[in-house]
Structure formats: structure tokens, C-alpha cells
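Please open the model in a viewer and keep the sequence panel at hand. The stops below are given as selections, each followed by what is to be found there.

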Amino acid sequence: MKKRYLAPLAAMVIGLCIWMCGCGDQEAVQPEEQVSYEIALVTDDGLINDGGHSEAAWTAITRYAASHGISHKYYKAVDSSDAAYAEVTDAAVANGAKLVIADGSDAGNVILKAQEKYPDVDFVMIDGEPVDEKTGDFRIAANTAAIEFDSAQAGFLAGYAAVVEGYSKLGFIGETDVNDSKNYGLGFLKGVDMASWQAGETAEVRYAETAESHDSVRSRAAGWYGERTELIFVCGQDIDRAVIEAAEAGGGKVIAAVSDKNEMSDSVITSAVQNIDGALTEVLELYGKDKFPGGEVLTFNVKDEGVGLSFRYDKLQTITTKEYNDMVESLEDGEIKLDFSEIDDVKDMQLKGVTIL
């Protein structure tokens with residue numbers, strides 16, 4: 001999978017240049033409150049350059065804006081509550097946004113209402129849908145597009161690669177409030193299972209989904225590494241750093257998720273990435289051509305390079321390009337099917353090469 005990145009400082013510089021140069025001199029000298037920003041990124045209280053959704057989305061937005069001379073701005077909520085997301089969404093529209101891009105499933109309740117409140121504004125949700133978390137009421141209006149990723153496929157590739165790389169004592173830690181944590185984890189188990197079964201071996205997997213604090217997750221991961229776990233696949237922006245810290249202290253390895261975390265630590269051997277940059281760029285281009293895919297849930301998978309493993313740093317020493325591509329092709333043509341809709345508990349998985357601890 002080919003991905004493009006901008007350094008954090010470069011992204012901010014480009015954003016400033018778009019504001020000052022791409023919108024005309026008259027607008028550039030106006031006070032901040034009088035400037036109209038056409039594209040808005042609405043995100044939580046985390047850093048924009050967080051190595052996750054926000055950074056990838058902002059990279060795509062700044063690059064698109066630079067090439068089309070469009071003004072843009074990001075709005076950080078004070079937290080991930082509905083009230084905070086609603087406040088910044090309203091501010092974005094008040095500042096002239098014609099396209100509001102919401103980062104993450106936490107904004108689902110807000111976009112559910114905002115798409116009706118602002119029918120002349122287009123909305124994009126990244127890795128989330130406009131849904132009422134309490135009632136499950138899902139409504140996607142003609143002015144909203146939802147971008148999702150086949151995280152089960154990404155997890156499968158991570159599990160398969162881990163075993164081919166020689167790891168047989170594995171772990172998975174997912175964040176319970178992450179929308180696709182289940183699919184990452186169950187996909188990982190299926191990948192481990194297939195690779196182990198093909199090799200005539202059995203792998204051990206410790207499995208947990210948690211809402212614990214950073215310190216508690218680090219303690220859990222440290223305990224696993226201390227009990228001979230060699231590698232942990234971690235899904236969750238709020239917990240991946242905790243697992244990486246435990247791996248560095250205990251000599252373990254990590255596979256990260258969502259975005260490329262290889263630069264964070266030598267302990268990260270690869271990442272099961274979502275091509276947020278590519279997916280959002282595709283939607284932005286459609287928006288610019290007046291072909292905005294409103295009313296649609298767009299799912300990106302291996303077929304369109306929406307998910308895959310990062311090979312940027314040559315940390316994977318054993319798995320060959322052919323082995324990897326063979327698995328990708330098997331996922332593409334449906335030979336490997338990953339449907340976990342009927343799985344309520346990890347123990348319900350039918351596995352031949354995995355023992356779940």
C-alpha cells in the first residue's frame with residue numbers, strides 16, 4: 001500500500017499558506033472572525049498530529065486544499081462529548097463551512113442531528129456513522145457520506161504476518177469503545193489461525209478488550225510480556241502507547257493499528273493501517289466535482305488498497321511479498337471470508353491452530 005505523509009510542521013505551514021494565498025489578498029488581511037473557511041475538520045481534544053485519524057485526515061485536507069485553492073480550518077472539541085462536538089460543528093458552519101469532516105465514531109450522535117439542522121452543508125464521517133448510540137437509530141441523509149474500513153481484513157493480515165514472522169505466543173488488546181475493535185481482534189485471530197494451521201503448529205493468544213486507563217493497560221501488557229507473550233496486536237489510539245511502553249521495557253514486540261506507528265518505537269514491527277488519506281482524498285475529489293457521495297456508506301478494503309500492512313521500515317524479516325499478496329488476493333476474491341456478525345464472544349470462534357488463554 002502506498003501512503004503519503006506530511007510532517008506536522010509542513011502540514012501547518014501549508015494550511016497557513018492556503019489561508020493567506022489561496023483565498024485572495026483581500027480575505028487574507030481580514031480579522032480571523034471574518035474569514036470564511038470552506039472545509040472544516042472537526043476532531044476531539046487530542047493532538048492533530050497524533051499519528052492517527054486526525055493527522056491522516058488533515059494531511060489529505062491540506063493537500064487537496066493546496067491544489068484547489070480552498071480555505072480550510074480544523075476545530076478541536078474540548079473533549080469527546082456530544083456537547084463539545086456540537087459546539088465545534090456549529091462553529092465550523094458559522095464560519096462558512098460547506099464541507100464538515102468529522103473524525104471518529106464519537107461524533108455519530110452530533111452528525112445525526114447536524115445533517116438535518118444544516119441541509120446545505122455536506123458532512124463526512126471518518127470511521128463512523130450518524131447513529132444514536134442509545135437507540136441504535138441510524139440515518140444517513142443525502143448530505144452525509146460515511147467512510148469505513150474493513151478492519152477485519154487488516155487484523156487478519158496482521159495475525160497471518162505475525163505467525164509467519166515466527167511468533168507463536170501472541171496477544172490482542174483492543175479498546176472497547178473503538179468502533180471496529182472487535183473486527184480487528186477477531187480478524188487477527190483468524191489470521192493467526194490460518195498461518196498456524198498451515199505450518200502444522202498451534203499458537204497461543206491472550207485476548208482482551210478494555211476501557212482501562214493508560215497505566216492499567218501498560219501493567220496488563222507488561223504482565224503478558226512477563227509471561228512469555230512475544231507480540232501484542234493493539235487497537236486503540238488511547239492504549240497503543242501504553243502497550244508500546246510495556247514492550248520497550250519488557251523486550252516484546254507490537255503490531256499497531258489504524259495508522260502507521262512504526263516511527264514510534266523499534267518494538268513496532270508493522271501496522272495494520274487504514275488508508276484514511278486515500279479514502280478521504282477520493283471523497284474530496286468527488287465533492288470538488290459536485291459528485292459528493294451523499295447518503296452512502298463507503299467501505300474501503302484490500303481490493304481498493306483501503307487497508308493493509310505497512311512495510312515501510314523493513315522490520316518484517318520473514319514474510320515474502322508473494323505470501324502477503326497471496327493472502328490479499330484470497331481476501332479480494334472471497335476465498336477467505338471474514339464475517340463476525342454472529343460472533344458474540346471470542347470463545348465462539350472456530351479455530352484449529354489457536355489456543356485462547
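This is a predicted model: local features need pLDDT of at least 70, side-chain atom pairs count only at pLDDT 80 or more; totals for chains, interfaces and linings use all residues.

Leaving aside residues up to four places away in sequence, Phe233 touches Gly155, Ala158, Gly171, Phe172, Ile173, Tyr184, Phe188, Ile255, Ala256, Ala257 and Ala272. Apart from the core to which Phe233 belongs lies another core, of 22 residues, with Ala102, Ala107, Val121 and Met125 among them.

Next, display the largest nonpolar core, which has 74 residues. Those touching the most other members are Ile101, Leu157, Leu170, Tyr184, Phe233 and Leu280. Helix α6 (residues 151–164) gives the most to this core, namely 10 residues.

Phe172, Tyr184, Phe188, Tyr207 and Phe233 are linked into a cluster by ring pairs. Over the whole structure, a search finds eight aromatic pairs. One of the pairs is formed by Phe156 and Tyr160, which are stacked with 6.2 Å from centre to centre and 20° between the planes. Both Phe156 and Tyr160 are buried. Because Phe156 and Tyr160 are four residues apart in helix α6, about one helical turn separates them.

Return to Phe233 and colour the strands. Phe233 stands opposite Ile255 in β9. Strand β8 (residues 231–235) and strand β9 (residues 253–258) run parallel and are joined by three bridges.

Which order do the strands of the open sheet follow? Select all seven: the order is β12-β10-β9-β8-β6-β7-β13, with mixed pairing. At the edges stand β12 (307–309) and β13 (354–356), each with a single partner strand, so one side of each lacks a neighbour in the sheet. From one strand to the next, the twist averages 20°.

The last selection is helix α10 (residues 276–288). How far apart are the end C-alpha atoms of this helix? They are 18 Å apart, which agrees with the span of 18 Å that 13 residues should have at 1.5 Å a residue. Within α10, the buried residues are Ile276, Asp277, Ala279, Leu280, Thr281, Val283, Leu284 and Tyr287. Finally, step just past the end of α10 to Asp290, which takes a positive phi of about 60°.

Technical notes. Residues are numbered from 1 along each chain as its sequence is written. Side-chain values use heavy atoms; hydrogens and water are left out. Helices (H or I, at least four residues) and strands (E, at least two) are DSSP runs, numbered from the N terminus. The expected span of a helix is 1.5 Å times one less than its number of residues. Buried means under 20% relative accessible area, exposed over 50%, partly exposed in between (1.4 Å probe, protein chains only). Two strands pair if DSSP finds at least two bridges between them. Axes are lines fitted to C-alpha atoms, for helices over the stretch in contact, and angles run from 0 to 180 degrees between N-to-C directions. A nonpolar core is a set of buried Ala, Val, Leu, Ile, Met, Phe, Trp, Tyr and Cys residues joined through side-chain atoms within 4.5 Å. Contact means heavy atoms within 4.5 Å. Rings of Phe, Tyr and Trp (its six-membered ring) pair if their centres lie within 6.5 Å; planes under 30 degrees apart count as stacked, over 60 as edge-to-face and the rest as tilted.
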